[in-house]
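Reader: I would like a close look at a single part of this model, taken slowly and with the details joined up.

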Protein chains: 2
Amino acid sequence: MVARSSRVTIHDVARAAGVSVSTVSKALNDTGRMASETREKIKSIAADVGFRPNALARSLLFNRSFTVGLLTNDTYGRFTLPLMSGISEALVDHGVSVFLCAIEDDPELAKVHVDAMLDKQVDGIIATGKRIDRSLPVDLAGLPVPVVYAFTEGVPGSVVLTADDADGARLAVERLRKVGRRKIVHVTGPDSFVSAVERADAFRQAVGAGAVVMHGTWTEGWGHEAVALLWDDEKPTPDGIFCGNDQIARGVVDALRERGVRVPEDVSIVGFDNWEIFADQTRPALTTVDMNLKELGRTAGLTILDLAEGRSVEAGLRKLPCKLVVRQSCGGDREI
Amino acid sequence: MVARSSRVTIHDVARAAGVSVSTVSKALNDTGRMASETREKIKSIAADVGFRPNALARSLLFNRSFTVGLLTNDTYGRFTLPLMSGISEALVDHGVSVFLCAIEDDPELAKVHVDAMLDKQVDGIIATGKRIDRSLPVDLAGLPVPVVYAFTEGVPGSVVLTADDADGARLAVERLRKVGRRKIVHVTGPDSFVSAVERADAFRQAVGAGAVVMHGTWTEGWGHEAVALLWDDEKPTPDGIFCGNDQIARGVVDALRERGVRVPEDVSIVGFDNWEIFADQTRPALTTVDMNLKELGRTAGLTILDLAEGRSVEAGLRKLPCKLVVRQSCGGDREI
DNA sequence: AAATGATGAGAAAACGTTTTCTCACGTTGA
DNA sequence: TCAACGTGAGAAAACGTTTTCTCATCATTT
């Protein structure tokens with residue numbers, strides 16, 4: 001009405017084939033009764049003129065937009081991009097596209113984005129954050145579409161996906177044990193983070209009596225500081241350090257090198273996150289726990305699809321397993 | 001037809017108000033002739049029942065989906081996320097949402113995503129990559145919608161946006177000069193990158209005769225190596241180093257510290273990228289060139305909007321200015 | 001008092017699909 | 001020869017909007 005599309009519509013195909021639009025539709029969708037020559041002829045003509053059905057029209061009809069919204073509060077993209085990649089990968093086969101909205105902790109902005117997505121009739125919304133113990137600054141309860149939470153707190157009765165922190169900690173300790181380490185400490189982030197606590201608890205359980213956990217910040221600086229605390233002390237120094245993230249691990253490795261302590265010969269280090277930009281560039285490269293973010297994204301995508309298509313999904317917190325990526329900082333990468 | 005929407009439509013509002021749908025539409029859009037009491041009454045009823053127009057239906061009518069596609073080949077998100085944030089910020093006010101598609105260098109996948117976006121009638125596509133001298137593995141010429149390229153090579157006659165590398169280099173040298181540095185070298189990435197070459201050329205021009213440019217890789221390791229080359233040499237050592245990215249800068253700073261060379265007292269360092277995860281965590285924190293990615297994203301968003309709405313835009317390569325972010329690695333942060 | 005004009009509101013068409021319903025035609029069987 | 005049936009294809013409605021057109025109704029002017 002306002003503008004005229006230059007795109008080829010089903011009417012153009014019908015005209016070119018000398019049949020009605022209904023016949024074209026049935027021919028292309030392999031539905032209805034029809035002489036098979038007619039069907040083939042129409043298909044070939046449609047291909048010739050480059051017809052592609054207008055998804056908007058179908059959406060209107062089916063009340064399904066084949067679109068989901070990804071709401072993220074993780075400005076930096078550390079989590080969002082791998083997650084996004086997994087979601088997209090899982091959904092592209094189903095013809096579903098993803099709206100990405102960065103809300104930058106702004107409730108107003110979040111509301112605007114959510115409204116825009118609802119207006120565009122998204123089939124579902126995936127909400128992601130940085131922490132499982134913080135919720136987004138917008139209420140997603142009672143929306144007319146399903147919602148899946150990933151790495152952020154969900155409302156009661158919702159589906160929440162996260163990495164299994166305890167599993168990650170166990171993998172790390174297991175590895176350190178395997179390379180013969182016996183005096184292992186855990187240097188991690190603040191105990192105000194649920195994931196830091198869960199990893200710490202699993203660490204304590206795996207290590208047993210005398211387990212040492214040092215809470216600090218998620219920074220390289222804290223890695224340095226922790227090494228200073230451990231080595232300047234009178235007590236015997238550890239031979240294995242499990243770090244709460246790769247930045248801390250980087251700090252620890254650097255601090256040890258400065259002290260002339262060799263990694264991995266004297267001390268084995270395991271990081272957490274497999275943030276390649278850190279893990280790969282640290283010398284030696286970090287053996288680290290990977291949270292399988294892409295797989296988590298894939299799961300989130302498939303889950304939202306299940307919900308959108310009316311299949312029931314078990315509510316509650318679902319923790320997905322981690323995996324260990326072996327590089328050099330832990331040692332034993334050849335002999336095991 | 002297939003499923004029945006539980007959402008409230010304009011018909012529901014019409015019924016509730018005891019008027020026709022046309023009247024409701026006109027009332028809500030402030031068009032048509034109508035008693036102002038009627039208009040207000042309808043507006044209030046619409047608000048009461050929570051009516052929000054179905055964007056799909058409008059899109060179908062206007063042949064405008066208020067949606068753009070962002071095609072990215074930058075898996076890691078270093079460029080994509082800030083860009084995305086800027087695009088989104090610029091477009092959200094216009095009611096435009098963004099489809100994000102990560103194509104991971106796969107031509108097949110790219111084609112699938114582009115087709116999906118076209119089917120969904122995007123108003124335009126923004127294509128982004130990592131390098132201005134490489135094109136995406138998919139041909140975006142001749143599409144029925146406008147395309148804007150950012151940080152990737154465009155087809156002839158297209159609109160291409162990128163950061164002004166030469167400007168960035170000039171800002172860096174200017175700063176180093178201002179803090180009194182006279183013997184400045186440039187340690188950067190491979191000369192197979194156009195942006196490395198452009199920065200190097202601008203660097204040479206700014207520094208004048210005797211300018212030293214060292215090409216290597218974009219890694220911390222090269223930063224270390226370059227310092228070794230410079231300091232192990234017989235020649236006098238530089239008092240200022242402009243690095244091609246923050247990772248190299250990080251390597252340089254660390255290597256200098258290991259040699260007992262003080263930064264910024266003895267040598268001033270300027271990085272490039274303002275990748276906060278590096279720039280902020282380096283000790284001392286890096287003074288570095290910021291490519292204004294968010295602003296670039298904003299420009300890309302507004303440009304695609306102009307194109308989508310039929311306003312003409314000058315084709316060709318458009319270089320946006322950089323800015324210098326001052327931290328501690330260059331010195332002079334107080335006295336200037 | 002009749003013709004003109006202004007005002008308010010509804011009917012219908014349009015956007016591009018899919019699906020249900022209807023119908024004409026030709027074939028088969030009695 | 002006629003009824004019953006199967007087959008192929010089109011007409012129309014529907015999805016939720018917006019917009020153009022038409023038409024009452026009522027007030028104003030001659």
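Which side chain meets that of B:D119 in a salt bridge?

Author: In this predicted model, the side chain of B:D119 meets that of A:R52, with 2.8 Å from N to O. This pair belongs to the interface of chain A and chain B, across which 8 salt bridges are found, together with 25 residue pairs in polar contact. On the side of chain A that touches chain B, at least two residues each come from helix 4 (55-62), helix 5 (80-92), strand 2 (97-102), helix 6 (107-119), helix 10 (246-258) and helix 11 (276-279). By class, that side of chain A has 28 nonpolar, 17 polar and 16 charged residues.

As for the extent of the interface, 61 residues of chain A are in contact with 61 residues of chain B, and the two chains bury about 5,200 Å² between them, with 54% of that area on carbon and sulfur atoms. Of the area that chain A buries against chain B, 13% is supplied by A:R7, A:L56 and A:K120, which is more than any other three residues supply.

Helix 4 of chain A, which contributes to the side touching chain B, also supplies at least two residues of the surface near DNA strand D, as do helix 2 (21-29) of chain A and helix 1 (10-17), helix 2 (21-29) and helix 4 (55-62) of chain B. That DNA strand is surrounded by 30 residues, the closest being A:T23, A:R33, B:I10, B:S25 and B:L61.

Conventions. Residues are numbered from 1 along each chain as its sequence is written. Chains are lettered from A and ligands numbered from 1 in the order in which they are written. This is a predicted model: local features need pLDDT of at least 70, side-chain atom pairs count only at pLDDT 80 or more; totals for chains, interfaces and linings use all residues. Side-chain values use heavy atoms; hydrogens and water are left out. Contact means heavy atoms within 4.5 Å. Buried area is the accessible area (1.4 Å probe) that two parts lose on being put together, summed over both. A salt bridge is a side-chain nitrogen of Lys or Arg within 4 Å of a carboxyl oxygen of Asp or Glu. A polar contact is a pair of N or O atoms within 3.5 Å; within protein, one must be able to donate a hydrogen and the other to accept it, and residues adjacent in sequence count only if both atoms are side-chain atoms. Helices (H or I, at least four residues) and strands (E, at least two) are DSSP runs, numbered from the N terminus. Ala, Val, Leu, Ile, Met, Phe, Trp, Tyr, Cys and Pro count as nonpolar, Asp, Glu, Lys and Arg as charged, and the others, Gly among them, as polar. A residue is near a molecule or strand if one of its heavy atoms lies within 4 Å of it.
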